[in-house]
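Trainee: I am new to this model. Please show me how to read its features.

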Amino acid sequence: MWNFHIGGYQVCEKWLKDRKGHTLSKDDIAHYNKIVIALSETIRLMKRIDEVIDEHGGWPDAFASSGE
């Protein structure tokens, strides 16, 4: 999860770096925890999407209509 990138940066690292030198509040920590949970779910869904695409012939065959 630490290495997950969006838009060219590591999400978890960037969030923490943006707050460097500041004491995190309880709300900040709770928000960071929500980010980690959201990233975890995103990674899980991305893996599942890749599995489904592979199960249906891979790229681009998984997206061809059956009528062709």
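Mentor: Start with tryptophan 2, placed in the segment before strand S1 (5-6). Helices (H or I, at least four residues) and strands (E, at least two) are DSSP runs, numbered from the N terminus. The model is predicted: local features need pLDDT of at least 70, side-chain atom pairs count only at pLDDT 80 or more, and totals for chains, interfaces and linings use all residues. Residues are numbered from 1 along each chain as its sequence is written, and side-chain values use heavy atoms, with hydrogens and water left out.

Trainee: Is tryptophan 2 buried, exposed or partly exposed?

Mentor: Buried means under 20% relative accessible area, exposed over 50%, partly exposed in between (1.4 Å probe, protein chains only). Tryptophan 2 has 43% relative accessibility, so it counts as partly exposed.

Trainee: How do I read an aromatic pair?

Mentor: A pair of aromatic rings is described by the distance of the centres and the angle of the planes. Rings of Phe, Tyr and Trp (its six-membered ring) pair if their centres lie within 6.5 Å; planes under 30 degrees apart are stacked, over 60 edge-to-face, the rest tilted. This structure has 2 aromatic pairs. Tryptophan 15 and tyrosine 32 form a tilted one, 5.0 Å centre to centre with 40° between the planes.

Trainee: Which parts does the pair of tryptophan 15 and tyrosine 32 tie together?

Mentor: Tryptophan 15 lies in helix H1 (residues 11-17) and tyrosine 32 in helix H2 (residues 26-55), so the pair links parts 17 residues apart in sequence. Tryptophan 15 is buried at 9%. Tyrosine 32 is buried too, at 17%. Another pair joins tryptophan 59 and phenylalanine 63: the centres are 4.7 Å apart and the planes at 35°, so this pair is tilted. Here tryptophan 59 is exposed at 62%, and phenylalanine 63 is exposed at 54%.

Trainee: What kind of peptide bond joins tryptophan 59 and proline 60?

Mentor: Most peptide bonds are trans. The bond between tryptophan 59 and proline 60 is cis, with omega about -10°. Proline 60 sits in the segment after H2.

Trainee: How many salt bridges are there?

Mentor: A salt bridge is a side-chain nitrogen of Lys or Arg within 4 Å of a carboxyl oxygen of Asp or Glu. There are 5. One joins arginine 44 and glutamate 41, at 2.6 Å from N to O. These two are 3 residues apart in helix H2, so about one helical turn separates them. Elsewhere, Arg48, Glu51 and Glu55 are linked in a network of salt bridges.
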